[in-house]
Structures are given as structure tokens and as C-alpha cells.
Amino acid sequence: MDKDVVIKIDNVSKKFTRSIKRSMFYGSTDIFKSMFGIKPDTTKLRKGEFWSLNDVSFELKQGEGLAIIGHNGSGKSTLLRLINGIFPPDEGSIRVKGKIGALIAVGAGFHPHMTGRENIYLSGTILGMSRNEIKNIFDEIIDFADIGDFIDAPVSTYSSGMSIRLGFSIAIHSRPDILLADEVLAVGDLAFALKCHKKISDFRKNGGTLILVSHSMNQVRNACEHALWLDKGMIKESGPVNEVCDKFENFMFKKDSDDKSSSSVGTHITNDSNTIITRVEFFNDKDEQTTAFDSGSFFKARIFYKCNRSVKSPIFTFGIANVENVSVVASYSNYTLDLSDTEISGEGYIEVIIPNLYLRAGNYRCTTTLAEGDVETVLDWHEKNFLFTINANKKLTHGIAQIPVEWKI
Amino acid sequence: MNKEVTVYEPNQRLKIGFFETWVIMFKNIVKSKELIIQLFKRDFFMSYKKSYLGLAWILISPLVGIVSWVFLNSAGILQPGDTPIPFPAYVLLGSSIWGLFMGFYGSAGGTLGAGAGFINQVKYPHEALLIKQTAQHIANFLITFAVNIIVLLLFGVTPSLGILLFPLTAIPLFFLGAGLGLIVSVLSVVASDLTNVINIIMGFVFYAIPIVYQIDKIENPLLQTVVQINPLTYLVTGARDIIVEGTIHYPERYLLVAAISFVFFMLSWRLFYVSEDKVIERMI
């Protein structure tokens, strides 16, 4: 193992069984084999088994930050557990240099009837700290968790945010060399989230190595410089974080478009089959129909409806969500257009115009609904059903939008 | 940077030398001293936190149990035999020792279960759980046992000085009980039926030990054979006789069974170590 390498994963595979009964059966046979000193052959798949991780290799040097991204069930958490040594791989080997701290389960072993103070000792010990070590950083843990007088109250009286804060504080103070974090940076309120980011960045500055599992590309781009994209247990891409995240986001978009031949990808709910939204078309500043826009350019969506009866005081809504399902635009027609005395029937369309669509590069999905009288009386609903893209540009932004910003001094 | 390198490979624990596993497990226990203390505190004291009487329950349960023995004693239902001490006292001691054994079995059987909740999320030596479970059981037992002895004294029954050797006779009971429990602990993860089967068997085993009767009063030859080949006969009666009379009636057989129990425990402990790896991923 090279001097600087702290984690070395060589051709690691891990298999699981979906059926509980089979899992029990395979577990029993493996145990009986072990009983007689026979090494179970872990390299072949038995009936009902699948590779949760398949031939994964990578290494990480001291002080580096690696993000593991991928869909649900792609093997991210399994990989973290293997590195943490919770269970062994079925093939390959894992080498880890130094003490691992896992932010997989915050508040491991907390007893609800014990006070926060008592639980710090308990959880700290479970995480491998000695009594003296805990004593030395006890005040830091309490300061960081910032839960006030609650520290002397039983944990069962805490809000869920408070117990996560305490749990996180204990884990982050256990002074690991390598930190494994599974979706935890999103805990608590904004102030606490910032504190966590600061703490993790301090940890990195002091030579700590980070492996972060997250679904938030924003967070991943901020916290790590490398990324590993897992797909069905295999490495699909690995490399610099922005490259891999871009590819991942594009893939998600493509997959959406390929899934269905039409432009329709989300869900369509019709409460009244006489009144439906038939399609949405997008237009640029030259009034050409398109699905690709430049950031900041003119954007127009034309929502086509077909009503076999007349709809009194119609309200249209239009929303745009990014690939992470964050709603970036949401607007109701009644904000600016009073249709309360209007009736619509037959075929027609309504237009939504956004003069400057300051979104960052990426793929977006639109939601639109038609309601009658009030927004709650929905007649027809297309949830994230229409797609468009903001063309890639060289500008790097971390926010969800790319609003023009100037700096002056 | 000279940090320790940890390696994880398939079937890693099976590749460890036979005797080396014991060394590793023993070291793990020594290393987890503080963890054991913390978990013991959590589970022993916290189980009574939500009750008004709190730890007093540890005393109340055996006291109430004894009332029934006192009743049976006064009602003369338990036939007095030629036992060295009044028969109810004899039965009380015997069943208390049986309880000690079953407790060892039960607490070892709950080894992996006791860590459920974080066994899947944090890496720590699970041997610590066995010790914590056992310590918890011993703490409970000692209190119950002390109450029993006080009651016996009040009824005019004086234990022999051999009672000082009683802790020694508890050791083979631990080996046999915990040995059985550790196997159950692992196997019950993949086949919870096993726990039920063993519990049913244990119900019969109780009657195959001279606890509620005397060994030389058995007339049925079949039962006689069963009682004689039952290893627990010697471990339980040995522990009881050392308290009552200060001697062990079948010392050779006792020592043989004790030795077998030790070997059995060591084997089952190793089995636990090599196979827990295979079941933890199935505990999710």
C-alpha cells in the first residue's frame, strides 16, 4: 500500500438476497460450512442472489474527499458498510489505514431514558473513544450540539433535530482519520448545517479523509474533489467531481427522455376527462419551438388545453423543477392574470413567459395544472411531465439558479 | 504516518488460526472494558427507570417467588424426604441454580440481539456484548440468591461453609449455558425456530435433573438413565450440594462434565466468532 493511500479497494464484490427465507437458508448453510472449517465459495451467485457491489476498485489518498453518487439501491451504503468493516466483502479486499469514524447512524446506541450527558459517554464509547478522551472533549461536544439545558434531560424528550445534533456532535468529535458520511450533512437547521460543513472542512484541512454518500449534487460538488458514480453495484464513472456529477445529471435526464418516446415523462392525473391539458411547447426569443435554452435567455411555454365543456374562472399553474427535484419556479396564472370572469372551452392555449430564464445548465421538468375556481379544484395535472434543457456553459455556479451577479470593490 | 492498516477480505475469520481466534477474542474483551461498563449501566439501571419502585423490583420478584415456596412448605405438598435440609429449601436452591444456568444460556443467546440497533452501523467487538449480558445476569442473580439465602436462614436452614466454593461451581454452568447460548445467538438470526426448539427442550431438561426430586428416589429405569447421562445433573446438583453439604457427590463425573463444558464453550465461542460475520449482514 502506497504511503499516502489510506483506503484501497481492490475488486470488491458483495452479494445479497432479496428473499428473507433464502437469505436465512444461505446464512445457515454458510454457518454450517464454517463450523467444519469449509470456506464457503463466495464468488458464485446462488439462486435469488444479486451483486449489490460488483468488482469495485479505487483508492483514496490521505486528505482527499470522495463523493459516492448513484441511484437508490446502487450499492452506495453497502460500500460504506464494507469500508467500515460491518460485514466482509464476498470478493476482493479492502485496506484501511487509520481510525474510521462513521456518520452512518448518528446517535448509535442512545438510550432514550438516559440524559444527553450520559448518552455522550455511552455513544462515545461505542464509537471507540476512551473515557478520558470523552472527558477531554466533553465540553466541545456539548458546545457544538448547542442544545442548552436539554443536555441534562433524557434523550426521549428531545426533538428529532436535537438528538441528531447531539449524535452528530459526538461522532464528529471522535477524531477519526477517515470520515464516512451517509447523507448526514443535511441534518438540522441551516445554522447547524453550516456548522457541520465548517467542522468537516476543518477536518479535511487537518489531513482528514472524507467519503460522502449523497443525493445532492450541490453538496457533493462543494464538499469533495473526486466522485465515484455507482450504477447497479458497478462503477460507471469516476474522476473529478464536476465531470462525474455533470455526466450523472445528464444521464438522469437522458434516462427520463428515453423511458418514453413522447416528451411526456412524469405523471398525468385527470380528474375530469372533459377538461385536459394536451401538451406543452417551449419557444425561444425568435418564436422557434425548442427544448434547449441558454441561461438567461427568453423563455416561453405554451400550454395547450382541450375542454369539452366550459370551465369557469380557470387557473393554470406552471412550475419548473431541477434534476434534484427542487422546485425552482412556481407560478399561478391568477398571480398576474385575472380570469375569474372568464370561461374557456374547446381547444386553445395559454402562455407563460419568463423574459430571462436565469437557471444554471442542466435539465428541467415542468409541472402544469388546470384548475377551476380555486387552485385546489384540479381538473388536470401533469406532474414533471415536460422537459427542457439549459445548455452547458463554462460558468461554474453552486446555486440552483444562475442569476447575474456583479462584484465591485 | 504509521497508522494501523486494517484489511477486510472474504472468509477472513476462517483463515485465522484455530487458537489465535481465542487470543483475539480475549484481547477484544480486555479492550472493550469501558464499552462493557457503559452498556451494562445502560441496560441494567435503565430497565427500571420508568418504574416508581425502581431497582427495588430486583428484590421484590424473588421475595414474591419465595412466598409460594413458603406456602408449599406449610401445606406439606412437597413431600419431605431424607434431604439434609427441609425439602422446600432443597428445591428452592436447586431451582435457583437452574435459573443461574438458564440465565447464562439466555444472556449469551441474546448476544447479537443485544446489539441490534447499532450492530449494523458501528464496528466494535461483539464479544463485549456477551460479557455485558452475562454481567447483567450475574448482578440480577446475586441479588435474588442473597434473598434466597436470607429466607433459608430465617427458616432455620444454615448453608454449609461450602457456599464459599459456590462461585467456582458456577463457572462450568456458565461454560455450558453460554456455549449453548452463543450458538443459538448466531443461528437464531438465520433460523429463529431454533430458539423455540431449544426453549421447549429446556422445559424437559429441567425435569431430567434431580431438582424437584432426589436422584436416588427415581424408580423408573428410563428416567434413571436419562438423569444419569444428563450433564446438567452433575453441574446443578454439584453446585447445590456444595452449598448444602459442602461436598460434591460424584466428583469424578462432575469434573469430567466441567471439563467438557469448558471445551464446548471454547469451541462454540470460536464458532460464534467465525460465523457472526456471516449473519450480521442478514440482521438488516
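These legends walk through close-up views of a predicted model.

**View 1. Chain A on its own.** Start with chain A, which has 409 residues, 39% of them buried. Its fold is built from eight helices and 18 strands. End to end along the principal axes, the C-alpha trace of chain A covers about 75 × 55 × 45 Å.

**View 2. Contacts inside chain A.** What share of the contacts between residues at least 6 apart in sequence joins residues at least 24 apart? In chain A that comes to 73%.

**View 3. Where chain B meets chain A.** Here the two chains touch, with 46 residues of chain A and 39 residues of chain B taking part in the contact. On the chain B side, at least two residues each come from strand E1 (5–8), helix H2 (33–46), helix H7 (166–190) and helix H11 (251–280). Helix H11(B) gives the largest share of that side, seven residues.

**View 4. What the chain B side is made of.** Now look at the residue classes on the side of chain B that touches chain A. You'll find 20 nonpolar residues there, plus 11 charged and eight polar ones.

**View 5. Strands pairing across the two chains.** Zoom in on strand E4 of chain A, residues 91–97, which pairs with E1(B). How do the two strands run, parallel or antiparallel? They pair in the antiparallel sense, over four bridges. For a spot to look at, pick Ile94(A): its bridge partner in E1(B) is Tyr8(B). Strand E1(B) is also one of the elements that supply at least two residues to the side of chain B touching chain A.

Conventions
Residues are numbered from 1 along each chain as its sequence is written. Chains are lettered from A and ligands numbered from 1 in the order in which they are written. This is a predicted model: local features need pLDDT of at least 70, side-chain atom pairs count only at pLDDT 80 or more; totals for chains, interfaces and linings use all residues. Two residues are in contact if their C-beta atoms, placed from the backbone, lie within 7 Å. Ala, Val, Leu, Ile, Met, Phe, Trp, Tyr, Cys and Pro count as nonpolar, Asp, Glu, Lys and Arg as charged, and the others, Gly among them, as polar. Two strands pair if DSSP finds at least two bridges between them. A residue is buried if 20 or more other C-beta atoms lie within 10 Å of its own, exposed if 12 or fewer, and partly exposed in between; C-beta atoms are placed from the backbone.
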